[in-house]
Amino acid sequence: MPKSTPKTPKIAVVGGGIAGLAAAYELTEQGYQVVVFEQESFAGGRMRTVKRDGFNFDGGASFLAANYYNLKRYAQDLGVEWVATRPGSIHRVLRDGKMHELSIASPLSILRMSFLPFSARLKLLGWLLALKLKRFKINLFDLSELPDSLFGIDLVTYMDEKIHPDATTYLADAFTSIMQFHRAKDITAGALVAYFKMMMTKGEEFALSYTPRGMGEIPTRMAEKLDVRYKTRVKLIRPARGRVEVQFDSGKKQFFDKVILATTAAVGVKIVDPVYKDHLKILSNTEYSSTVTIGIEVDQKEIPAQYHLNYVPYKENQRIGGYGNEYRKPGATPPGKSLISLYLHEETAVEVLDWPDIKIFEKLKLELPFIFPELDPKKAKLHSIQKWWEAMPKFTPEHIIRVKWFQRTHQGDKNLYLAGDYMNGPWTEGASRTGVKAAQQVIEDLSRN
Ligand SMILES: Cc1cc2nc3c(=O)[nH]c(=O)nc-3n(C[C@H](O)[C@H](O)[C@H](O)COP(=O)(O)OP(=O)(O)OC[C@H]3O[C@@H](n4cnc5c(N)ncnc54)[C@H](O)[C@@H]3O)c2cc1C
C-alpha cells in the first residue's frame, strides 16, 4: 500500500473502530489521501484487548470466525496470526438451573437437545434441514441483502410460529442474550436464519477463531499503515459550500471533500448538523443494547476445558446473559488459569453501568451459583470490567428497512457517508464491510464528479 499514486480529494474518516479503519484502508489502497480522527489514544473501538497479569482479556469483541473473509484479508496483508480456537468446544444452554448441550452439528445432536421438548427438537430438525436445502442468497454480514420475506418479521413471532415457544425462549432468546445482549423480540428473524444457514452452507467455515495477541491486534496493525490522528475528538460535522466542515474539541476546524462518519450512531446524532436530516433519520432511530463484560480469573480446573459459550436465557436469569471461556484461545490465559467473560443482560447493564467495578463484581458474584454450576464463587477473582452503553445495534425489522432505504437513496448526500455495524453489518466482520462499502461509494461518487 498504496498501490497507485495519491489522488487529490481530501477525505476524512471520523472514528477509528474497525468500520472506519476498513474505510480508510480501502481508500488508501486505491491511492486516495485519507485521514482518520479518533478520540481515544488507540484504534479499534469495541475491538480491544486489556492485557494484564498474563491474561489477554478481549472485553469487547471476543471471537472471529473462519468466514470473516474481509478481516482475514487484513490479517494476511498485515502478517497478523489468525488461528482456530481449541478443537472440540461444547456450547451449553441453561434450563431449570442445569446446563444442557447445544449443537446443530448433526441430526442426532439436534435430537439430543435436552433443553427442548422432544416435539420441538423434531420440528427444529425439520426446519434446519429445509433451511439447508433452500436456495436463497444469505449474507449475515450484510443484512441489507436478506430476502424481504425474512427480515420483515421479528424473531419471537417467527420462532413461536415455525417451531415452538420453548425454542423461542431457550434458543432464540438465549442466542440474542449472549450474541447481542438483548431479547429476541428486538431482532429480525432473518439474522438468526442467516446465522444458521451460514453454519450449514457447504464451503462456509464458521469455526471460531482469534488473533493470539488479542482482538486489538488487527485494528492496531491497520492503524499503523494509516494516517490516524489520536485524541482528536470531532464535535461537529456540517456542509460548507460543496465541502464538509469538521470541527474539533480543540476549537480548530478543517474542510474535506468527503467525510465518512464511522462512530456509533449514538455519537453521530450528537455531532452531525441537523441539515443532514436523512442521515439523522438513521442515526437517531438506531437503538443499542448495553452490556458490561466482567473478566473473572479462575483456576482452569474450575471450568471443564471444553466448555466454550454458555447461554443463559433471560427466563433463567435476568442479570447474566451468558459467559465465555477464554481458555479456548491458547495463549490468552497463563498456564493453569482460565478467564471467564461474563456478559450482562441489557436491563442489568443499564442499572450498573455507572457503578464502581468492585461493586458490580460483588453484586454479580451472588448470581454465579445459579448460572455456573461448576464454579465455587469464593474462587472467582475479578480481572477487569469493560462497560458498553452502546454494545450492539438492534437489528429490528424496521431498522433493516430504514438502512436499506438510506443506502439506496441518501448515502453520500452532501458528501457525508455512514459506516459502522449499525448499517446492517453485524459484528466486527459486518462493520468492516460497511466501511469498505462506504469507501467504494465515495470512490464511485468522486469518479462521477
Ligand atoms: C461486549 C461485546 C462483545 C462483542 N463480541 C463480538 C465478537 O465476539 N465477535 C465479533 O465479531 N463482534 C463482537 N462484538 C461486536 C463488534 O465489537 C462491533 O460490531 C464492532 O467492533 C463495531 O465496530 P465499529 O467500527 O462500527 O464501531 P466502534 O468499534 O464503536 O468504533 C467507533 C469509533 O469511533 C470513535 N469515536 C467516537 N466518538 C468520536 C468522536 N466524536 N470523534 C472521533 N472519534 C470518535 C470511538 O472511540 C471508536 O474508536 C462485540 C461487541 C461488544 C460490545
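Domain bounds here come from an automatic or database domain assignment. The close-up views below show a predicted model.

**Figure 1. The two domains of the chain.** The assignment divides the chain into domain 1 (7-46 + 217-286 + 395-448) and domain 2 (49-215 + 288-393). Domain 1 contributes 38 residues to the contact, and domain 2 contributes 44 residues. The C-alpha centres of the two domains are 28 Å apart.

**Figure 2. The area buried between domain 1 and domain 2.** About 3500 Å² is buried between the two domains, and carbon and sulfur atoms account for 62% of this area. On the side of domain 1, the residues that lose the most area to domain 2 are Arg-46, Phe-395 and Trp-427, which together make up 23% of what that side buries.

**Figure 3. Polar contacts and salt bridges between the domains.** Between domain 1 and domain 2 there are 18 residue pairs in polar contact, counted where both residues have pLDDT 80 or more. Four salt bridges are also counted between the two domains. A salt bridge joins the side chains of Arg-73 and Glu-26, with an N to O distance of 3.7 Å.

**Figure 4. The side of domain 1 that touches domain 2.** The elements giving two or more residues to this side are α1 (18-29), α9 (217-224), α10 (265-271), α15 (397-409) and α16 (427-448). Helix α16 provides the largest share, eight residues. By residue class, this side of domain 1 comprises 17 nonpolar, ten polar and eleven charged residues.

**Figure 5. The aromatic pair of Tyr-195 and Trp-427.** In the whole structure, 13 aromatic pairs are found. Tyr-195 and Trp-427 form one that is edge-to-face, with 6.0 Å from centre to centre and 85 degrees between the planes. Tyr-195 belongs to helix α8 (residues 189-200) and Trp-427 to helix α16, so this pair ties together parts that are 232 residues apart in sequence. Trp-427 is also among the residues of domain 1 that lose the most area to domain 2.

**Figure 6. The salt bridge of Arg-92 and Glu-374.** The search of the whole structure gives 34 salt bridges. In the one shown, the side chains of Arg-92 and Glu-374 meet at 2.8 Å, N to O. Arg-92 is part of strand β7 (residues 90-95), while Glu-374 lies in the loop between α14 (368-371) and β19 (381-393); the pair therefore ties together parts that are 282 residues apart in sequence.

**Figure 7. The surroundings of Pro-334.** Pro-334 is located in the loop between β17 (320-325) and β18 (337-344). Leaving aside residues up to four places away in sequence, Pro-334 touches Asp-53, Gly-54 and Phe-55. Pro-334 and Gln-30 are separated by 304 residues in sequence and by 42 Å in space, C-alpha to C-alpha.

Terms used. Residues numbered from 1 in each chain as written. Predicted model: local features only at pLDDT ≥ 70, side-chain atom pairs only at ≥ 80, totals over all residues. Heavy atoms only, no water. Contact = heavy atoms within 4.5 Å. Buried area = accessible area lost by both parts, 1.4 Å probe. Polar contact = N/O pair within 3.5 Å; in protein donor to acceptor, adjacent residues only side chain to side chain. Helix = DSSP H or I, 4+ residues; strand = E, 2+ residues; numbered from the N terminus. Nonpolar A, V, L, I, M, F, W, Y, C, P; charged D, E, K, R; others polar. Phe/Tyr/Trp six-rings, centres within 6.5 Å; stacked < 30°, edge-to-face > 60°.
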